[in-house]
Amino acid sequence: MTGQRPTAKGNGIVMKDPITVSITGAAGQIGYSLLFRIASGAIFGPDQPVHLKLIEIEPAMGALAGTVMELDDCAFPLLAGVTPTADLDEGFAGASLALLVGSIPRKEGMERNDLLGINGKIFTGQGEAIARNAAGDIRVVVIGNPCNTNCLIAMNNASGVDRDRFFAMTRLDENRAKSQLAAKAGVHANAVSNLCIWGNHSATQYPDFVNARIAGTPVTEVIEDRAWLEDDFITTVQQRGSAIIKARGASSAASAANAAIDTVRSLLTPTAEGDWFSVAVCSAGQYGIDSGLIASMPIRTDDNGNWSVVEGIEIDDFSRGKIDASVQELREEREAVSDLIPA
Ligand code: NAX
């Protein structure tokens with residue numbers, strides 16, 4: 001299906017105007033989990049229709065056509081339209097939300113810097129197309145790896161779009177960290193709050209157990225095994241992606257799609273009193289993180305849907321060392337793609 005559907009429920013009640021959501025890499029495995037949840041209302045709720053613009057590269061347009069047939073076959077009441085396209089201008093036209101998932105996976109023999117360069121080029125064109133075509137209220141969440149630096153490139157090539165509209169996803173890491181802490185403490189993951197992932201979405205990320213809480217009590221008072229927190233916990237979170245590839249024979253997809261949905265919902269809805277969530281944003285120099293880097297920090301959303309970095313959180317020596325190492329990696333990534341960032 002392409003084009004517009006009437007925005008009416010079966011009972012004849014006319015709903016709000018559709019929101020346009022653009023998703024790159026829509027024929028990939030994260031896309032396959034993500035599209036159906038968005039179309040069923042998981043981000044914007046049960047009375048908000050969505051128009052999905054699904055962006056792929058030409059060789060994947062055939063597979064994308066199959067996914068679109070399945071979207072049709074769900075007869076989602078909230079799905080106002082679907083536009084599959086390989087054209088960036090068409091794909092980002094009128095978008096209020098862009099989820100940049102598509103990128104090239106690392107192949108055998110490829111160095112990290114090769115990957116940065118290859119994927120980086122994708123994000124210059126997408127940043128420019130977003131600037132030309134998206135709606136004034138656009139929010140861009142980059143999921144495709146290396147997501148922090150891809151986001152940095154898109155942001156710097158989207159002339160005229162405010163920097164506070166760009167995000168890179170570290171929510172899967174946050175959710176993984178919460179689930180590990182909950183399992184160790186014998187509680188539900190819901191009981192874990194104030195969990196910040198600092199820095200890069202990579203093996204240097206730092207899941208901050210020092211400030212995290214379980215049912216309001218500092219994690220370090222609930223889990224007294226400091227060695228476990230400093231070693232096993234951090235390593236498990238950092239290496240969870242690899243563990244899933246080993247077990248499943250494919251990388252995380254449903255949990256990544258879920259985290260993308262959590263990210264957008266957290267950016268749109270007020271954060272619970274005293275809590276925060278993790279997403280990488282453009283640093284304004286908070287916590288000693290270089291201004292202009294896309295780094296994961298503790299974020300809150302206010303009643304008007306504006307986000308801010310939570311300031312004044314305790315950073316002990318252990319945390320400082322971990323955050324600095326991840327920020328150093330972000331600096332090196334920025335250096336490696338400096339030719340893709342306009343002066
Ligand atoms: P797949 O390889 O299944 O799908 C990627 C899709 O992107 C393919 O269909 C491909 O044709 C498309 N694509 C490639 N270049 C494109 C371009 N220039 N424009 C539009 N589409 C393009 O990968 P999948 O498992 O869906 O993962 C997608 C990305 O998410 C990868 O970069 C992956 O590393 C990253 N992840 C990020 C996570 C995060 O927490 N930030 C976690 C999950 C995931 O690892």
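A definition before anything else: a crossing of two helices is called right-handed if the near helix is turned clockwise from the far one by less than a right angle, and left-handed if the turn is anticlockwise. Also, please keep in mind that this is a predicted model.

With that term in hand, take α1 and α2. Helix α1 passes α2 in a right-handed crossing. Their axes come within 11 Å and cross at roughly 30 degrees. Angles under 35 degrees count as roughly parallel, and α1 and α2 are therefore roughly parallel to each other. Which residues meet here? On the α1 side they are Y32, L35, F36 and A39, and on the α2 side T67, E70, L71 and C74. By class, this contact of α1 with α2 has six nonpolar residues, one polar and one charged.

Helix α1 also packs against α9. The axes of α1 and α9 come within 8 Å, at a crossing angle of roughly 45 degrees. That makes α1 oblique to α9. The crossing of this pair is right-handed. From α1, the residues I30, S33, L34 and R37 meet A254, A256, A257, N258, A260 and I261 of α9. The contact of α1 with α9 divides into seven nonpolar, two polar and one charged residues.

Helix α4 brings L116, N119, G120, F123, T124, G127 and E128 to the contact, while α5 brings T149, N150, I153, A154 and N157. The classes for α4 with α5 are four nonpolar, seven polar and one charged.

The largest pocket holds about 1,400 Å³ of space. It is lined by 44 residues, and the closest to its centre are S103, P105, G144, N145 and S251. Elements that give two or more residues to this lining are α1, α4, α6 and α8. Which element gives the most to the lining of the largest pocket? That is α8, with six residues. By class, the lining has 20 nonpolar, 19 polar and five charged residues.

The second largest pocket has a volume of about 330 Å³. Of its 19 lining residues, R171, E174, K178, S266 and D275 lie nearest the centre. Two or more residues come from each of α6, β8 and α9. Helix α6 gives the most to this lining, with five residues. The lining of the second largest pocket has six nonpolar, seven polar and six charged residues.

Last, two backbone details. Most residues other than glycine have a negative phi, and most peptide bonds are trans. In this model the peptide bond from N145 to P146 is cis, with omega near -5 degrees. P146 sits in the loop between β6 and α5. A215 is in the loop between β11 and β12.

That is what I have. Questions are welcome.

Definitions and conventions:
Residues are numbered from 1 along each chain as its sequence is written. This is a predicted model: local features need pLDDT of at least 70, side-chain atom pairs count only at pLDDT 80 or more; totals for chains, interfaces and linings use all residues. Side-chain values use heavy atoms; hydrogens and water are left out. On a 1 Å grid over the protein atoms alone, a cavity is a set of points where a 1.4 Å probe fits but cannot get out, and a pocket is an open set with protein on both sides within 12 Å along at least five of seven lines; lining residues have an atom within 4 Å of a point. Grid points are joined across faces, edges and corners, and a volume is the space filled by probe spheres set on the points. Helices (H or I, at least four residues) and strands (E, at least two) are DSSP runs, numbered from the N terminus. Ala, Val, Leu, Ile, Met, Phe, Trp, Tyr, Cys and Pro count as nonpolar, Asp, Glu, Lys and Arg as charged, and the others, Gly among them, as polar. Axes are lines fitted to C-alpha atoms, for helices over the stretch in contact, and angles run from 0 to 180 degrees between N-to-C directions. Angles under 35 degrees count as roughly parallel, over 145 as roughly antiparallel, 65 to 115 as roughly perpendicular and the rest as oblique. Contact means heavy atoms within 4.5 Å.
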